[in-house]
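Here is a briefing on a multi-chain protein model. Look over the sequence and structure first, then read the points by topic.

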Amino acid sequence: MGAIEIKGLKKTYKDVEALRGLDLVVEKGEVYGFCGPNGAGKSTTLKILVGLVHATDGEASIKGIDVINDGVEARKHIGYLPESYGMPGWDTPRKFLTYMGILSGMSKEDAAKAIEEIAAEINLTENLDRRIKTLSKGNKQRVGIAQALIHDPAILLFDEPTTGLDPIGRNEVLDAMKAFADKGKTVLFSTHILSDVEKICDTVGIIHEGVLMEQGGPEELRQKHGAKDLDEVFLKVAGHG
Amino acid sequence: MNLYLLYTDIKNILSSKRTSYTILIMAVFALVFGLVIRFSSEGLRTALEASAPGSAGVFEYMWFEDVLKFLLLVVVSFGAFIISDLEDDGTLGLILARPESRIAFLVRRILASLGAFFIVFMAGAVLVGIIAIGIMGDLDLPLFLLHQFFALPLCLFVIALAFFLSVPLRTTTYTVISSFAISLILSFTYAFSLMTGSGTPSPLNPLALGYRILVNAPLVEPMIYAFVFSAVLFAAGTVWFVKKDI
Amino acid sequence: MDSQVNFSAMIWHRTFRIIFSLRGLIAILFSFYFIGAIAWMLPTITEQGGVIAEIWKTFSSDLAFSWLLFDGALSKLVSIFIAPLFVFDAISGDKTGERMPIIMSRPITRTQYVLMKLSSGMLAFTLLFLPIMGIGYFVFSGLVEGGLDVANYFATCILFVALAFFCMAVCLLISALVKKNLVSFLAAFGLMSIAMTANASKNTSDALLASAQLTPHYYATYFASPFPEPHDLEIMPFLGCLVVIILFALPFLYLTILKFKKEDL
């Protein structure tokens, strides 16, 4: 049983078919890079897993728990970082993360302990007690990652986690995701920055127009398509190469 | 000042949903209160006519004493939107990066907001007058419109207050709520002072201008105070905005 | 992690955020202003002519004061301003602030989310309203001839808490339907203004009285108003009024949950 399993997932928004029968399996402890052009259905897939969007058809499960019919139970095991999100500017990361911990079922004391541990891990300790609105984009992203980790979930779903970060910030996020996987967590992240994928992913899935077109390890895909890098594979699969 | 930009700003405000909502709300209130007066018992009309001071009819009395308090919620939005809507949609930084001083930018926005408000308010007043005549049959429309015109300094003060509060509060919603709350308190203060028999309200309270119009009290002094307070609030808000980091 | 969501902790957390925020400050300032203003007016208002003085002459001081405070002032203040203030952006705020994905990725159901918003708004209101009204009782008792009937006063306060529940249920539905906070507040304010108009004019005609009886405001002021006739406080009518007000609110709460459950976020 994979950590994340998706079968025949469909989603139609009014006239737009965002997903047209997506099949995907992510194994436990894997770092899975979910790539595709804009509008391919990456964010929609993650949102269905998290219960933000209702699937039109199909099945999806997290650790064997059906996300569609038992979403609450599934979300106990998920840490989610959306592509764009807001945080209360006047709060400090500590206050905000405490609230997120409580929302995830933690006690205030457990949340406080977890905050210190996570902050040390992702270099956030210095900024824990500054107002969020005064933080740089990189530090805000750290807070975003921290809220996904606070309740120690087994599965991490990150939607374009490195977009807008400088090279140092991007490296730090990628290293962190790799470290989470090394600790046994399963990481599924969507991106269109394929160099990020090449750096840390065990498996790459390329989605285009709502369907998974290609899946495999980075090296495996390069060899299969005779490409020098994943950018070329991506372009070929998306029909532009 | 770039007059074309000023014209564009006024046009944008006039074509916004805010304008149509303002006129709609004025019309709905006119309809509701007109119907209440029209279909109320003889006792209520008599009581209202006894309360309605001066030469104002019952409708105008209710308009100034009841409806205007609710309308302030819409009036404050014209002040709040001078800078808040640009902050809300994130374009303030882009606009201030243009080769225009902050003072020139603010003066333009303030004039645009006031100009647009004047047009909307008077147009709404015409519609209200027509509705009132349609429901009740008796309203001196030119006099009613003149009275609305004299009430403009009251609205100017409320807009200035909202603008002043929008500088520190930044979000439109809290600016509107805070300025509305303060305006209501000022409205209630003069109403309560009337209930205790203190005579005509103090000219220092701009929110009492509507009542003073009803009772044919002297208007010059309270109008001057309203203009002065408005100017102080606009100036203070401008200085604050010019100095702050965006 | 395998744990139950701490629902009460969530509610308390949000309740204190509301109380110790600008809106809590506005609610407190407004409430104290009203208590101060009424206390200041009371000695002279009954001497002046007009409707208030007439009512003071016709009914007992206690009942006349209750009418002035609850029917005249609070039913308007609570329903059109204070209650909407606490929940107008409960749902729309999380949407516009892009916090919805982060919050709803937690192991809470959509129903729990809506109930949490309503409960924290209600708790914040109750924690502010009842103590302030308690202070008001002591202030007003000394000013009203013969004092105030404590049971009637606090029973009406409880009915007003129920009235706030109704107003908040309506405002929560509006917040779920609209995208922008300001529009949510304006819509809530406008709707509540219209809803309370009938009760505010119930003494003027039979038609308006009949309309008032279709609003929860009428039942909230049942024991505080001499119109259409005074009612003595009794347990069964009191419970009846409480139940009626709550029943008014439930359809709106149900619709909010239904709307929010179906939505893609």
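Chain A exposes about 10100 Å², and carbon and sulfur atoms supply 48% of it. Accessible areas come from the Shrake-Rupley method with a 1.4 Å probe; for residues, only the protein chains shown count as cover. This is a predicted model, in which local features need pLDDT of at least 70, side-chain atom pairs count only at pLDDT 80 or more, and totals for chains, interfaces and linings use all residues; side-chain values use heavy atoms, with hydrogens and water left out. Residues are numbered from 1 along each chain as its sequence is written, while chains are lettered from A and ligands numbered from 1 in the order in which they are written.

**Chain A overall**

- Chain A has 9 helices and 10 strands. Helices (H or I, at least four residues) and strands (E, at least two) are DSSP runs, numbered from the N terminus.
- The radius of gyration of chain A is 18 Å, close to the 18 Å that the globule rule gives for 241 residues, so chain A is as compact as a globular protein of that length. The radius is taken over C-alpha atoms, and the rule is 2.2 Å times the number of residues to the power 0.38.
- Along the principal axes, the C-alpha atoms of chain A fill a box of roughly 50 × 40 × 35 Å.
- Of the 241 residues in chain A, 56% are buried. Buried means under 20% relative accessible area, exposed over 50%, and partly exposed in between (1.4 Å probe, protein chains only).
- Take the contacts in chain A between residues at least 6 apart in sequence: 66% join residues at least 24 apart. Contact means heavy atoms within 4.5 Å.
- Chain A carries 30 positive and 37 negative side chains, and the centres of the two sets lie 5 Å apart. Lys and Arg count as positive and Asp and Glu as negative; His and the chain ends are not counted. The place of a charge is NZ of Lys, CZ of Arg, CG of Asp or CD of Glu.

**Backbone details**

- Most residues other than glycine have a negative phi, and most peptide bonds are trans.
- Lys14(A) has a positive phi, near 50°. Lys14(A) sits in the loop between strand S1 (4-13) and strand S2 (16-26) of chain A. Its relative accessibility is 83%, so Lys14(A) counts as exposed.
- Lys63(A) also has a positive phi, near 55°. The loop between strand S4 (57-62) and strand S5 (65-66) of chain A holds Lys63(A). Lys63(A) counts as partly exposed because its relative accessibility is 40%.
- The peptide bond from Phe227(C) to Pro228(C) is cis, with omega near -5°. Pro228(C) is in the loop between helix H11 (216-220) and helix H12 (235-262) of chain C.

**Chain B overall**

- Chain B has 12 helices and 0 strands.
- A compact globule of 246 residues would have a radius of gyration near 18 Å; chain B has 19 Å, which agrees.
- The C-alpha trace of chain B spans about 65 × 35 × 30 Å along its principal axes.
- Buried residues make up 54% of the 246 residues in chain B.
- Chain B exposes about 10200 Å², with 69% supplied by carbon and sulfur atoms.
- Chain B has 14 positive and 15 negative charges, whose mean positions are 10 Å apart.
- Among contacts in chain B with a separation of 6 or more, 74% come from residues 24 or more positions apart.

**Residues in chain B**

- Phe180(B) is in helix H10 of chain B. Phe180(B) counts as buried, at 0% relative accessibility. Leaving aside neighbours within four places in sequence, its contacts include Lys69(B), Leu72(B), Phe81(C) and Phe189(C).
- Ser187(B) also lies in helix H10 (residues 172-195). Ser187(B) is buried, with a relative accessible area of 3%. Not counting residues up to four places away in sequence, Ser187(B) touches Lys69(B), Leu72(B) and Leu207(B).
- Val239(B) is in helix H12 (residues 220-243) of chain B. Val239(B) is partly exposed, with a relative accessible area of 48%.

**Between chains**

- Of the 2 pairs of chains in contact, chains A and C share the most contacts.
- Chain A and chain B do not touch; their nearest C-alpha atoms are 12 Å apart.
- Chain C puts 27 residues in contact with 23 residues of chain B.
- Chain C and chain B bury about 2600 Å² between them, 84% of it on carbon and sulfur atoms. Phe30(C), Tyr33(C) and Leu182(C) supply 21% of the area that chain C buries against chain B, more than any other three residues. Buried area is the accessible area (1.4 Å probe) that two parts lose on being put together, summed over both.
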